[in-house]
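Student: I have a model open and want to go through it step by step. Can we start with the overall layout and then move to the contacts?

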Amino acid sequence: MDLAAVNGGVDSDAGVEHGARLLSFAEAVMGSDEDALKRERVALRAVLSPASFVDTCAVIGAFNVVDRIADATGIPLDDMMKMMSAGLPQELELTRFASAANTPGM
Amino acid sequence: MEAIDYSAAGVEVRADLLEAHRDLLEHIRAAGTWWTGAQRIAMVEEARRSLGCRLCQDRKAALSPAHVQGEHDSLGLLPPAAVEVVHRVRTDPARLSRSWFDSIVGAGQLSDGEYVELVAVVALSAGIDFVGCALGVAPVRLPPPLPGEPSRRRPASAKGGTAWVPLIAAEDATGPEADLYPATPMVPNVVRALSLVPDEVRALWRSSNAHYVPLEQIPDPSARRSLDRMQMELVAARVSALNQCFY
């Protein structure tokens, strides 16, 4: 997977099957343009099975839950996760997010 | 409670996801640990209202939300501090800060338990609403609240120091909290985040297991659904980046 896709602006599939369509759909759900969302939904459903489309919607829901829980409780990144992702937050410029302040050393 | 109906999406939604949404709404409408069922349903109604709140929109557009003062466009069913938490968690969670938290909980406007339960309800309901939005259906109709009093049970083993709120460490999840965490070598902080209100951790399990992969399977890269794991992680990572969530 091309991790740069996390930050958007990547036109390719990022090394993931139907990655470009998945990213565009996620961005449309998270955005405020209803017409764009309708278009991206149609485009995604054209390439995914119905079950995979539902799974995509479910993952979008899941991470809107955990992101809020993480940011509203001020939890730091776990030590093991810090070790496993060493350098990645900096490489992807994730430290620009205000919630990085909850993890000492970031 | 009536069944969840996503038929307007024009696609079959798997039964376990429908059941999870139904169970989560049943959980939300019942009395919790610190809030009544009526207050918990009001939190979801207020969270939905926050999407059109002018103050929230102005704050989101500002360099710092703290510099924008005003009144929330509120239903008036919850205390002002609770309304502030609901609106901020729903619309701009990325810029919540320790100082903001201290202005709410530290200043005694809400207890830490009330705060955690409120965060849980807003977050869990946001998940349901985002699924609906993605499917292309109207937000689920909220069920009427159930009567009953909050349990007001605070787990003795929750300790401060790691996050803004006290957490139960994995080794301290015993007795009534013995079921809280998976039997994995490491229990990540996001699983412990709501542990000051153990029933909300159980609700989070219910949510995660149906929306993502079961908690104990997360470390297994082969765990998947109809989407493969790489596809799931790509979507998850992009959503979190759009939410500006560092964790």
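Student: In what order do the elements of chain A run from the N terminus on?

Tutor: They run α-α-α-α-α. Chain A has five helices and zero strands. Bear in mind that this is a predicted model.

Student: What is the mean pLDDT of chain A?

Tutor: The mean is 87, and 89% of the residues of chain A reach 70 or more.

Student: Which elements of chain A have the lowest and the highest mean pLDDT?

Tutor: Helix H5 of chain A, residues 88-91, has the lowest at 70, while H3(A) has the highest at 98. Where pLDDT is low, the predicted coordinates should not be read in detail.

Student: Ok, burial. What share of chain A counts as buried?

Tutor: 43% of its 106 residues. As for contacts in chain A between residues at least 6 apart in sequence, 33% of them join residues at least 24 apart.

Student: Let's look at H1(A). How many residues does helix H1 of chain A have, and how far does it reach?

Tutor: H1 of chain A covers residues 19-30, which is twelve residues. From first C-alpha to last, H1 of chain A reaches 17 Å, close to the 16 Å expected at 1.5 Å a residue.

Student: Which residues in H1(A) are buried?

Tutor: A:Gly19, A:Leu22, A:Leu23, A:Phe25, A:Ala26, A:Ala28 and A:Val29.

Student: And what covers the buried residues of H1(A)?

Tutor: The cover comes from both chains: it includes helix H2 (34-47) and helix H3 (50-73) of chain A, together with helix H6 (112-135) and helix H9 (229-242) of chain B.

Student: Then the contact between the chains. How many residues does each chain put in?

Tutor: Chain B puts in 60 residues and chain A 54. On the chain B side, helix H5 (98-106), H6, helix H7 (189-192), helix H8 (198-211) and H9 each supply at least two residues. That side of chain B divides into 41 nonpolar, 13 polar and six charged residues.

Student: How many residues are in the largest nonpolar core?

Tutor: 101 residues, and those with the most contacts inside it are A:Ile60, A:Ile69, B:Val119 and B:Val122. H6(B) gives the most to this core, with 16 residues. Domain 1 (3-73) and domain 2 (75-106) of chain A both give residues to the core, so it lies between them.

Student: Back to A:Ile60. What is A:Ile60 in contact with, leaving aside neighbours within four places in sequence?

Tutor: In chain A, A:Ile60 contacts A:Ala26 and A:Val29. In chain B, A:Ile60 contacts B:Phe130, B:Ala134, B:Val235 and B:Val239. A:Ala26 and A:Val29 are also among the buried residues of H1(A).

How values were computed:
Residues are numbered from 1 along each chain as its sequence is written. Chains are lettered from A and ligands numbered from 1 in the order in which they are written. This is a predicted model: local features need pLDDT of at least 70, side-chain atom pairs count only at pLDDT 80 or more; totals for chains, interfaces and linings use all residues. Helices (H or I, at least four residues) and strands (E, at least two) are DSSP runs, numbered from the N terminus. The expected span of a helix is 1.5 Å times one less than its number of residues. A residue is buried if 20 or more other C-beta atoms lie within 10 Å of its own, exposed if 12 or fewer, and partly exposed in between; C-beta atoms are placed from the backbone. Two residues are in contact if their C-beta atoms, placed from the backbone, lie within 7 Å. Ala, Val, Leu, Ile, Met, Phe, Trp, Tyr, Cys and Pro count as nonpolar, Asp, Glu, Lys and Arg as charged, and the others, Gly among them, as polar. A nonpolar core is a set of buried Ala, Val, Leu, Ile, Met, Phe, Trp, Tyr and Cys residues joined through C-beta atoms within 7 Å. Domain bounds come from an automatic or database domain assignment. pLDDT is the predictor's confidence in each residue, from 0 to 100.
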